[in-house]
Amino acid sequence: MSFALPSLPFSANALAGRGMCQETLELHHGKHHQAYVTALNGLVEKNPSLQGKSLEEIIKLSHNNSELTAVFNNAGQHWNHSRFWESLSPQGGRMPGALEKRLAADFGSVDKFKETFKTAAATQFGSGWAWLILGHDGKLKVTKTANAGSPLATGEGKLIMVLDVWEHAYYVDFRNRRADFIDNFLAKVANYDDAAEKLQKA
Ligand code: FE2
């Protein structure tokens, strides 16, 4: 069984009024994410030891394995992007009370969380990702990874929310302005309902 591109959980123009236009989503989802899925399927087809394994299993076994770098890069990008679409919403920016409380408890305040997340996303050198995760100590924390890395690969904690800071995520809407893209995400696009749900299940 091969891996498939998941549908976006909203229409391609659903975030157009919120700083993520249809062109961005069509390129990012339909072209870039699809390319990772296609490449991953090609690599799995050529490597019987990967066949029948879940995406999560493939990411963990290929992480830090120099013979499986291409597998890790494409599998990681597929998983990360799938989680990224879940972290976006046409009703983004609204934060449920339960999540607000947890963020305030673990970061000091919601503003402090946003500041920490923004710093991580803005200072990720080159391509990568900023994550809100639930650490093994039961506390929410912010982390960042380069390229196709993720907290799933490192075993650092459970994913709650993720932001793609690869340039292909924002160059149409926020050319060369990653900081504005991050602010806009936190204020208008971030799916805090999904984050609260993931936290409840974590
Ligand atoms: Fe991306």
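1. Aromatic pairs. Rings of Phe, Tyr and Trp, the last by its six-membered ring, pair if their centres lie within 6.5 Å. The model here is predicted. A search of the whole structure gives nine such aromatic pairs.

2. The Phe117–Phe185 pair. The ring centres of Phe117 and Phe185 are 6.1 Å apart, and their planes meet at 25°. Planes under 30 degrees apart count as stacked, so this pair is stacked. The pair links distant parts of the chain. Phe117 sits in helix H5 and Phe185 in helix H7, 68 residues apart. Are these two residues buried or exposed? Both Phe117 and Phe185 are buried.

3. Around Phe117. Which residues does Phe117 touch, leaving aside those up to four places away in sequence? They are Ala130, Trp131, Leu132, Val142, Met161, Leu163, Phe185 and Leu186. Two of these, Phe185 and Leu186, are among the buried residues of helix H7.

4. A ring cluster. Trp79, Phe84, Trp85, Trp129 and Trp131 form a cluster linked by ring pairs. Trp131 is also one of the residues that Phe117 touches.

5. The nonpolar core. The largest nonpolar core holds 62 residues. Phe113, Phe117, Leu132 and Met161 have the most contacts inside it. Domain 1 (21–86) and domain 2 (97–201) both give residues to this core, so it lies between them.

6. Helix H7. This helix covers residues 178–189. Its buried residues are Arg178, Phe181, Ile182, Asn184, Phe185, Leu186 and Val189. An α-helix has 3.6 residues a turn, so residues three or four places apart point the same way. What covers the buried residues of H7? The cover includes helix H5 (110–123), strand S3 (157–164) and helix H8 (192–201).

7. The iron site. Which protein atoms are the donors of the iron ion? They are NE2 of His28, NE2 of His81, OD of Asp164 and NE2 of His168, lying 1.9 to 2.1 Å from the ion. The angles among the four donor atoms run from 90 to 129°. Four donors count as tetrahedral if all angles lie between 85 and 135 degrees, so the site is tetrahedral.

8. The donors along the chain. Their spacing in sequence is H-x52-H-x82-D-x3-H. His28 and His81 link distant parts of the chain. His28 belongs to helix H1 (residues 22–45) and His81 to helix H3 (residues 69–86), 53 residues apart. Buried means under 20% relative accessible area. His28 has 1% relative accessibility, so it counts as buried. His81, at 0%, counts as buried too.

Notes: Residues numbered from 1 in each chain as written. Predicted model: local features only at pLDDT ≥ 70, side-chain atom pairs only at ≥ 80, totals over all residues. Heavy atoms only, no water. Buried < 20%, exposed > 50% of the residue type's maximum accessible area, 1.4 Å probe, protein only. Helix = DSSP H or I, 4+ residues; strand = E, 2+ residues; numbered from the N terminus. Contact = heavy atoms within 4.5 Å. Core = buried A, V, L, I, M, F, W, Y, C linked by side-chain atoms within 4.5 Å. Domains from an automatic or database assignment. Phe/Tyr/Trp six-rings, centres within 6.5 Å; stacked < 30°, edge-to-face > 60°. Donors = N, O, S within 2.8 Å, 3.2 Å for Na, K, Ca; no water. Tetrahedral: all angles 85-135°; square planar, octahedral: opposite > 155°, others 65-115°.
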